[in-house]
Amino acid sequence: MGGAEKEIKYLKGVGEARSRLFAKLGLRTLRDLLRFFPRDYEDRSVFKTISEAVDCESVSVRAMVAGAPRLSRTNRGQDKVRVRIVDDSGAAELTFFNQAYVKDALKVGETYDFYGKIKRDRVVSVTNPVFERVSGDGFDGQIFPLYHLTAKLGQRQVASAVRQALNLCGGELPNALPRSVEERYGLCRVEFAYENIHFPADFAALASARRRFLFEELFVIAALSSFRRRLRASVVGTRFEPCDLGEFYAALPFSPTAAQRRAVGDAVRDCASGLVMNRLVQGDVGSGKTLVAMALCYLAAKNGAQAAFMAPTELLAEQHYRSFIAMLEPLGLRVGLLTGSLGAKAKREAREALVFGQIDVVVGTHALISDGVEYNNLGLVITDEQHRFGVNQRAKLGQKGASPHVLVMSATPIPRTLSLILYGDLDVSIIDELPPGRQKIETYSVSENKRERTYNFVRKLVGEGRQVYIVCPSIEDNEDLPNDLKHAREYADALQSDVFPDLTVGLVHGAMKPKEKDEAMAAFVAGATQILVATTVIEVGVDVPNAALMVVENAERFGLSQLHQLRGRVGRGKYQSYCVLMRGAEGEKSRERLNTLCGTNDGFEIAEADLRQRGPGDFFGARQSGIPASRFAELAADGETIISAREAANAVLGADAELTLPENAPLRERVDAILAQAEGTIN
Ligand code: ADP
Ligand code: MG
């Protein structure tokens, strides 16, 4: 793959300085450039006359330059060129900013093709259109790539570099699909695919190029899953004897849902199989994942093994510690706590108890994986709110025991298709049922003009004895933030002194010392504060059943899945609960997006919508899968291709398990590269 490894800086028109701009986009070699797919395309093949062109439409117009271009300067010192163009139907005014060369490039009386976004006011105008002279080629029938750019790097420059890369790498384009698979599934050849993903001949060619790359990626992922599964299948785990969970279930203050029992059953079976468990428990906020964790800790203890339960924050660790004590101590288990903020003495005691086997279940934060911590007989590792942890942290906890069983729990619902991609190699239990009696959280998306009413509503609920969360997007003001944001610190002060002087307003945010945070939370739990102003530190797990209203300020700043997580902090008790999404000045664009939350309480549905609108962002695992984020929406959307690609991968691996056949060599290379990258992160 010599050609593709060549560095971009050697391309014509690039050089050292400009190659640094490419590097900012993560592009170093020609291969990177080839894989740098356009984010969108400009269809300049649609022509209209000036009078036909509709306001806000991006369209091509063939017109003549009617007067000499005039160069002037804006107040901000930008060059500005204005020029009038005409066709048979009418006239339009063009404005070019920072492109002084246009003054000489456009000749009076010549005809050009212009492409840009039409603005139809008193006059028709277009800002910064692109153009070609008709006596040259015009841009008849062309589809142009639009790349993600960085400052000082233009579309033309990127396109020209890509063009050169395509020409230079012609015969040796990166390709993991064996020829036989291309043929069986009617996929286009790799040369055609690279050419047309960048410079489509037409939209049909673009579609077939896309389908091919999609298929190729899914195929590699499927092959990878199958490899990982085989690696894992050879890891022998401690065999836990299934125990009678009757005693455990009987001690619960409620009866478990069928979905909870099913998840527990799945995990118990894994632990008894003789192989190491590697299971993800996925369930919406409030679905009762903690119970599954407790049941497994009980099983481990009955088998004489220690269990470690790792939570992402001190707040959560302590809350879980309390509920673990309440549930498991009466059953004879010894529960310990280990967090970074424990005093030196308490820490030392906890460590000693762990190493001497005087603790059965330890609950904690990442302090559980710090270097001085040793276990007597660690047999089970559980991480809560999985998406908050790096894979490395998880792997490190795994290393504290001899291949302990691993259970990870996540409330971030992952669309089913995406989870197929991400967890082809993990076993998954889904808790798709909420405990009985939960009420739908009534959710409203409102703008600034409902602020008074919202405050009145806060007051009314507090009057009824309830408590309220008010969530802000930032802690304090900072130059980098847009200035319409509510900042938790100032806002808490303002609410206390100006709006609710007769009530108690608390504050909790991530920059507080753990001890302050605990105090603030404890005051809220105890009901001493009625209103808690908070940042997203309360996003996961915090459980205050008396809280019945959440107001989210600048709701447009949050992702849908994140808002769904946040609102899961209310509606945890017997009271009808509400969530008010307050849109800030910049929030109007998000109106429709936020409406998704008003319409449904189903985390999966919300995750699908989020994925469609924003891409996977920080979906659990998305970052570590080796697939560029921008590709996920597309990947997840196409269930049929996922199925075919898996089928193809299984067939290839079925016939050549080690991928030693020459035609499978490129696939083997890709799989090895990804595995090497993920080294040590797979447990
Ligand atoms: P999450 O899945 O968000 O971690 P939790 O485990 O914190 O959910 O459970 C949410 C709340 O529901 C807790 O107060 C828990 O005690 C309660 N709960 C869990 N399972 C049941 C059940 N089967 N019936 C009633 N309440 C339950
Ligand atoms: Mg939880």
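A residue counts as buried when its relative accessible area is under 20%. Phe 96 has a relative accessible area of 0%, so Phe 96 is buried. This structure is a predicted model.

**Aromatic pairs**

- The count of aromatic pairs comes to 14.
- One of them joins Phe 96 and Phe 131 edge-to-face, with 5.9 Å centre to centre and 85° between the planes.
- Phe 96 sits in strand E5 (residues 91–97), while Phe 131 sits in strand E8 (residues 130–133). The pair therefore ties together parts that are 35 residues apart in sequence.
- Phe 131 has a relative accessible area of 12%, so Phe 131 is buried too.
- Tyr 112 also pairs edge-to-face with Phe 131, at 6.0 Å centre to centre and 85° between the planes.
- This second pair links distant parts of the chain: Tyr 112 belongs to strand E6 (residues 111–120) and Phe 131 to strand E8, 19 residues apart.
- Tyr 112 and Phe 131 are both buried.
- One aromatic cluster takes in Phe 96, Tyr 112, Phe 114 and Phe 131.

**Helix H11**

- Helix H11 spans residues 289–302 and has 14 residues.
- From first C-alpha to last, H11 reaches 20 Å, close to the 20 Å expected at 1.5 Å a residue.
- Twelve of the 14 residues of H11 are buried, so the helix is largely enclosed by the rest of the structure.
- Among the buried residues of H11 are Lys 289, Leu 291, Met 294, Cys 297 and Tyr 298.
- Gly 304 follows H11 and has a positive phi, near 70°.

**Ligand 1**

- There are 16 residues around ligand 1. Gln 260, Gly 286, Lys 289, Thr 290 and Arg 438 come nearest.
- A polar backbone atom of Ser 287 lies 3.4 Å from an oxygen atom of ligand 1.
- For Gly 288, a polar backbone atom is 3.1 Å from an oxygen atom of the ligand.
- Arg 572 uses its side chain: a polar atom there is 3.2 Å from an oxygen atom of ligand 1.
- On its own, ligand 1 has 560 Å² of accessible area, and the protein covers 80% of this.

**Cysteines**

- The count of disulfides is zero.
- Cys 169 is buried, with a relative accessible area of 0%.
- Cys 271 is likewise buried, at 0% relative accessibility.
- Cys 297 is one of the buried residues in H11.

Conventions
Residues numbered from 1 in each chain as written. Chains lettered and ligands numbered in written order. Heavy atoms only, no water. Disulfide = S-S within 2.5 Å. Buried < 20%, exposed > 50% of the residue type's maximum accessible area, 1.4 Å probe, protein only. Helix = DSSP H or I, 4+ residues; strand = E, 2+ residues; numbered from the N terminus. Expected span 1.5 Å × (residues − 1). Near = heavy atom within 4 Å. Polar contact = N/O pair within 3.5 Å; in protein donor to acceptor, adjacent residues only side chain to side chain. Areas by Shrake-Rupley, 256 points an atom, 1.4 Å probe, with all protein chains shown as cover. Phe/Tyr/Trp six-rings, centres within 6.5 Å; stacked < 30°, edge-to-face > 60°.
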